[in-house]
Each structure stands twice: as structure tokens, then as C-alpha cells.
Amino acid sequence: MRIPDTDRLEFDFMTRKDAEALFELDQDEDVMLYINGGHKATMEDICQISIPRLESYANEDEGWGIWKVTAKPTDTLETHLYLGWILVRPMDFFNEEPEWDNLELGWRFKQAAWGKGYATEAARAVMDVVTAPNKINKASAIAFEENLGSIKIMEKLGMSFLKKGIHKDPLGDLELVYYERVI
């Protein structure tokens with residue numbers, strides 16, 4: 001599967017070779033605030049936890065995985081600039097009953113990209129492609145209730161509040177808000 005470029009952005013499927021980019025993004029405590037309370041990831045965390053998790057659900061043909069988001073060069077930007085990424089996987093993938101017809105979208109962007117519409121633009125571009133197959137009925141996202149920036153993106157994507165509840169994950173259960181869009 002391929003995500004077409006937008007006016008401002010380009011997309012590449014991330015793999016083990018992108019460990020440095022994953023690490024770089026996770027070095028900002030503010031970026032990590034609503035992920036793990038603001039703790040920076042170590043390269044060992046990336047290689048021993050993040051990448052094996054990614055590889056367990058990555059399926060480029062289906063669009064599942066992490067899509068690297070890069071800003072295209074412009075008059076003021078001479079080179080491609082890595083901004084962050086968009087995650088796609090079946091909802092509840094790490095539980096006993098994944099929702100194969102419901103794709104979870106997630107995002108993580110550098111602070112320099114915040115407030116410029118990049119995350120919404122990227123998430124919309126990815127969502128439009130990965131939800132096109134007839135077997136996908138919903139797109140969903142989860143966040144901490146305090147993460148108003150992510151919730152705003154969910155709403156801009158046409159998702160509506162579904163519930164507040166415990167999200168079960170092998171890395172730890174968290175109380176999150178769930179948003180969903182029926183396709």
C-alpha cells in the first residue's frame with residue numbers, strides 16, 4: 001500500500017531501519033507527556049520494545065504499521081524535514097480479540113510541527129487510504145482525557161466520543177478516551 005503525498009507532506013513505511021528516527025522523536029519530554037508521563041525512550045527501549053511491537057502488526061499491503069511523515073521542501077525549507085509519524089493497526093491488536101474491521105490511528109509529532117495542521121493532514125491522508133477496503137468499517141483513536149490536542153485531531157477526522165474506559169495492553173492498562181468514526 002502507498003500513501004499519496006499531500007501538498008505539504010510525504011509518507012514512508014517505517015521499519016527496523018528507522019530506529020534512529022523513532023528514537024529522535026521520543027527524546028522530547030513534552031512529546032512523551034501523554035504517552036508515558038514525559039519519560040524519554042532509550043535506544044534499548046526502541047530496539048527491544050517499540051520495534052518488536054511494530055513488527056508484530058506491520059503489514060505494508062494492508063497499510064498497518066507506522067507511516068513516517070516528512071515535510072516537503074518549500075521556499076523556506078531547503079530539505080525534507082522529518083515531522084513525526086502516523087500509526088495504523090487493528091483496534092485492540094494486543095488483546096485476545098482484535099477488531100480486524102476497526103483500525104486504530106495514532107500519531108506522534110515533533111513540537112516544531114504542533115499547531116500547524118500537519119498531524120491532522122497526515123492522519124486524514126493515511127485514514128483515507130487504509131479505510132478504503134470494504135472490510136474496514138471503523139476508524140478509531142485513543143488518548144488520555146487531558147490530551148486535548150489529540151482529541152481535537154480526532155474530532156477533525158470526523159471521530160466522535162465513544163467512551164472512557166480501560167485500554168488493555170501488555171505494556172500496561174490505561175484509562176483512556178475512545179473516539180470512533182463509522183466508515
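Where is Asp18 found? Asp18 lies in the loop between strand S1 and helix H1 (19-25), and helices (H or I, at least four residues) and strands (E, at least two) are DSSP runs, numbered from the N terminus. Asp18 is buried, with a relative accessible area of 9%; buried means under 20% relative accessible area, exposed over 50% and partly exposed in between (1.4 Å probe, protein chains only). Leaving aside neighbours within four places in sequence, Asp18 is in contact (heavy atoms within 4.5 Å) with Phe13 and Lys68.

A word on the model before the tour. This is a predicted model, in which local features need pLDDT of at least 70 and side-chain atom pairs count only at pLDDT 80 or more, while totals for chains, interfaces and linings use all residues. Residues are numbered from 1 along each chain as its sequence is written, and side-chain values use heavy atoms, with hydrogens and water left out.

**Nonpolar cores**
- The largest nonpolar core has 36 residues; such a core is a set of buried Ala, Val, Leu, Ile, Met, Phe, Trp, Tyr and Cys residues joined through side-chain atoms within 4.5 Å.
- Elements giving two or more residues to this core include strand S1 (9-13), strand S4 (99-109), helix H5 (148-156) and strand S7 (174-182).
- Helix H4 supplies the largest share of this core, nine residues.
- Apart from this core lies another, of 17 residues, with Leu22, Ala41, Ile51 and Tyr57 among them.
- Phe11, Ile86, Val88, Trp107, Phe109 and Met159 have the most contacts inside the largest core.
- Not counting residues up to four places away in sequence, Phe109 touches a list of residues including Leu25, Val69, Ile86, Trp114 and Ala122.

**Helix H4**
- Eleven of the 13 residues of H4 are buried, so this helix is largely enclosed by the rest of the structure.
- Among the buried residues of H4 are Tyr118, Thr120, Glu121, Met127 and Val130.
- At 1.5 Å a residue, H4 should span 18 Å, and its end C-alpha atoms are 18 Å apart, which agrees; the expected span is 1.5 Å times one less than the number of residues.

**Strands around S3**
- Ten of the eleven residues of S3 are buried, so to speak a mostly covered strand.
- S2 and S3 pair in the antiparallel sense over seven bridges; two strands pair if DSSP finds at least two bridges between them.
- S3 and S4 also run antiparallel, joined by eight bridges.
- Val88 in S3 stands opposite Gly65, and the bridge partner of Val88 in S4 is Leu105.

**Aromatic rings and charges**
- The whole structure holds seven aromatic pairs; rings of Phe, Tyr and Trp (its six-membered ring) pair if their centres lie within 6.5 Å, with planes under 30 degrees apart counted as stacked, over 60 as edge-to-face and the rest as tilted.
- Tyr57 and Phe93 form an edge-to-face pair, with ring centres 5.8 Å apart and planes at 70°.
- This pair links distant parts of the chain, 36 residues apart: Tyr57 is in helix H3 (residues 43-57) and Phe93 in the loop between S3 and S4.
- Tyr57 is buried at 4% relative accessible area, and Phe93 counts as buried at 18%.
- Tyr57, Trp64, Phe93, Phe94 and Trp100 form one aromatic cluster.
- The charged end of Arg89 sits over the ring of Tyr57, 5.1 Å from its centre; the test is NZ of Lys or CZ of Arg within 6 Å of the ring centre and within 35 degrees of the ring normal.
- Lys68 lies over the face of Tyr82, at 5.2 Å from the ring centre.
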